[in-house]
Amino acid sequence: MAVATNNDALLEVRNLKKYFPVTKGLILMKTIGYVQAVDGISFSIKQGETVGLVGESGCGKTTTSKLLLRLENPTEGDILLEGRDINTFRGAELQDYRTTVQAVFQDPWSSLSPRMRVRDIVSEPLVVNRNVTTQEKNERVAEVLQQVGLHAQQATNYPHEFSGGQRQRIAVASALVSYPKLIVLDEPVSALDVSIRAQVMNLLKDLQEQYNVSYLLIAHNLATVRYMAHETAVMYLGQIVEYAETEELYNNALHPYTRALFSAALPSHPDLIREDIVLQGEVPSPINPPSGCRFHPRCPFAMPQCSEEAPVEKEVSPGHRVSCHLY
Amino acid sequence: MTAVQTATDTILEVNDLKTYIFTRAATVKAVDGISFNLRKGETLGIVGESGCGKTMTALSLLRLVPKPAGRIVEGEIVLNGEDILQKSEDEMRDVRGRQISMILQDPQTSLNPVFTIGNQLREALGIAHRENKSSMLSRAVDALRKVNVAAPERRLDDYPHQMSGGMKQRVVGAIAMSCEPGVIIADEPTTALDVTIQLQYLRLLKEIQAETGLAIIFITHDFGVVARMCDRVAVMYAGRIIEQGDVRDIFSRPAHPYTQALINSVPKLEQSVDRLYSIDGQPPLLSNLPEGCRFAPRCPYVSDQCYEAYPQSYTLNEGHYADCWALDADWQGTPIEEFVPPTGTAG
Ligand SMILES: Nc1ncnc2c1ncn2[C@@H]1O[C@H](COP(=O)(O)OP(=O)(O)OP(=O)(O)O)[C@@H](O)[C@H]1O
Ligand SMILES: Nc1ncnc2c1ncn2[C@@H]1O[C@H](COP(=O)(O)OP(=O)(O)O)[C@@H](O)[C@H]1O
Ligand code: SF4
Ligand code: SF4
Ligand SMILES: [Mg+2]
Ligand SMILES: [Mg+2]
């Protein structure tokens, strides 16, 4: 398959879809519909940069990250790593991909196996894929532990001997050990204490600067995304409704859903409470998403055409894309 | 409703409260001499790192400190003019729910998965009202309606797992508010919720407060919740309140180095920040507290004086106090740097 790619993109996602079948009956399972968890999204991540993914629960963020990690296969669309379609990878190539793309998840309490020593947790991505000697392994573990601000001697300890912030550092160390090019961060700081969040965020930024690693950052907290991400995608019911450089998006949000999300975000000072748009209700089911613009039942600006025609994505200024009939 | 607030509006007064936990190895001074007032209709935020004693403070106010290890060893908790520490366990049962009640840290686990919502609501109502079945049913429906649960009659037969996170949260709120207490303690009720659902919930609490004059104590890690919800803030560190004041004073002119560090460690929605301040180290063990200022090992302004004695409390403004030697006129150490509050345009 010949594919033209965006030059400086490390990873490119094109028209990606993931539909999960909804079944009925226990023995003769009949498919009665599909959950359109991800429905035609496109974006790219540059080397050494972070793309933030925001949106309410159920809008498809985790499914997107699973597709990138190849824990799920797409229904349609391509994911290209340095121009090569990852869904064609088999055998050694696939193993290589799994070391190139790593993940850090939300909960530092459940994501680390309690019976394994830190050394074995951290080195897992190394030994799974390569023939490394014990000495090489131990040296690399010592190195990454120091990079994340832990002591090399702590390699022999168990996870329960660490605080929440330290456990998240162990998870980051494990994600770093195989020299990845991309790390998927799914709510990496939300389970941590306030005072430790800044440590972990600063650590992730420092590591990015030093090793030029890229991140896909999934987070509820919009302030966290502003601090970490170079570009930000706003998802609603499986689709990206707005995409822009982070500073552009935070200064000039256009899509009513983006504006509603910003309105709902908590202020950093009591004099900065906004709440101009207050969203009612919750995200509707992605099994039968609303017609036309999927946001129309909750949109304060909805017009008659919004329930009939799906808006087409438009580039309103270089790099700033929005899907809404208002633009 | 424009109530003039005077000292007689005070609904809760806590004086020098100490709650210790006696384990075999050591005494954990979870709450070590805290004082604050709460007025009718007021919202007080309590913020601080994990383990600093926030939940123990809340449990003390309900007299639900885990027994037998935990014990309130000193102080007064004056609720509606009476010191509840002088009450019997029987009398306390009438206080809980009716005068003061609590919304737990995790709405997912605070509902019992094996009982229906209606069952749990009726139980909450029944304990305090001792009414007959049919009137309890209609009160349960009312309680759900008050927290904006749609079609409440049909929801009564639902089990918790059949509800979304936001809905469960409102049910927990309904249970806590079912007996119309004057004070509600919300212990981190909004973590893990979507910003949109969280805001709906916070606005609902504000509405109920405006209608009923409820006083709320918000226990949280999230300064955004404090900025959105609170009139006053108490910052806890290692079992003590190290600073308290009006919410605007705390956000614009925090006086204690710990408060300043905390506020500077949070990313801002309204402005881009080059680098967040990060507080190194960890808080001291509450079973082995240092002599002087408990923040000294992590404080950028520390001087010898700080290790010698616990700092005095200094008044900065009406109702704004902080415990730090650097606020003393005779302070010899590094002056506390000018704090730069977040800027941006509202609206
Ligand atoms: N049953 C117990 N036995 C011994 N120590 C306890 C017990 N319960 C709590 N503690 C200790 O009391 C101190 C205060 O705990 P508390 O639950 O009040 O913290 P918190 O401020 O609510 O923290 P978080 O923000 O994590 O909820 C902690 O040091 C904790 O370890
Ligand atoms: N394995 C699955 N089978 C069926 N539906 C799924 C599966 N995984 C996710 N979904 C559905 O897809 C939608 C998107 O989910 P998810 O990607 O987890 O959202 P987010 O991470 O943004 O909260 C949700 O409606 C969810 O219920
Ligand atoms: S297309 Fe219409 S309904 Fe959708 S966001 Fe724009 S204005 Fe609202
Ligand atoms: S008393 Fe000293 S150590 Fe404590 S906060 Fe003030 S300056 Fe820092
Ligand atoms: Mg998710
Ligand atoms: Mg607590």
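In this predicted model, S307(A) is partly exposed, its relative accessible area being 27%. That value lies between the 20% under which a residue counts as buried and the 50% over which a residue counts as exposed. S307(A) belongs to the loop of chain A that runs between α9 (256-264) and β11 (314-317). When residues up to four places away in sequence are left aside, S307(A) touches S291(A), G292(A) and H296(A). For H296(A), which is eleven residues from S307(A) along the chain, the separation of the two C-alpha atoms is 6.2 Å.

Aromatic pairs were searched for over the whole structure, and eleven were found over all chains. In one of them, the ring centres of Y19(A) and Y34(A) are 6.4 Å apart and the planes meet at 45°, so the pair is classed as tilted. This pair links distant parts of the chain, with Y19(A) in strand β1 (residues 9-24) and Y34(A) in strand β2 (residues 30-46) of chain A, 15 residues apart. Y19(A) is partly exposed at a relative accessible area of 23%, and Y34(A) is partly exposed at 43%.

A further tilted pair is formed by Y236(A) and Y257(A), at 4.5 Å centre to centre and with 55° between the planes. Y236(A) is located in strand β9 (residues 231-236) of chain A and Y257(A) in helix α9 of chain A, so the pair ties together parts that are 21 residues apart in sequence. Both Y236(A) and Y257(A) are buried. Together with F295(A), these two tyrosines form one aromatic cluster.

Charged groups also lie over aromatic rings. In chain A, the charged end of R321(A) sits over the ring of Y243(A), at 4.7 Å from the ring centre. In chain B, R240(B) lies over the face of Y310(B), at a distance of 4.4 Å from the centre of the ring.

Chain B as a whole contains twelve helices and twelve strands. Its radius of gyration is 21 Å, close to the 20 Å given by the globule rule for 347 residues, so chain B is as compact as a globular protein of that length. Along the principal axes, the C-alpha atoms of chain B fill a box of roughly 70 × 50 × 45 Å. Of the 347 residues in chain B, 53% are buried. Among contacts in chain B with a separation of 6 or more, 64% are between residues 24 or more positions apart.

Definitions and conventions: Residues are numbered from 1 along each chain as its sequence is written. Chains are lettered from A and ligands numbered from 1 in the order in which they are written. This is a predicted model: local features need pLDDT of at least 70, side-chain atom pairs count only at pLDDT 80 or more; totals for chains, interfaces and linings use all residues. Side-chain values use heavy atoms; hydrogens and water are left out. Helices (H or I, at least four residues) and strands (E, at least two) are DSSP runs, numbered from the N terminus. Buried means under 20% relative accessible area, exposed over 50%, partly exposed in between (1.4 Å probe, protein chains only). Contact means heavy atoms within 4.5 Å. Rings of Phe, Tyr and Trp (its six-membered ring) pair if their centres lie within 6.5 Å; planes under 30 degrees apart count as stacked, over 60 as edge-to-face and the rest as tilted. A charge sits over a ring if NZ of Lys or CZ of Arg is within 6 Å of the ring centre and within 35 degrees of the ring normal. The radius of gyration is taken over C-alpha atoms; the globule rule is 2.2 Å times the number of residues to the power 0.38.
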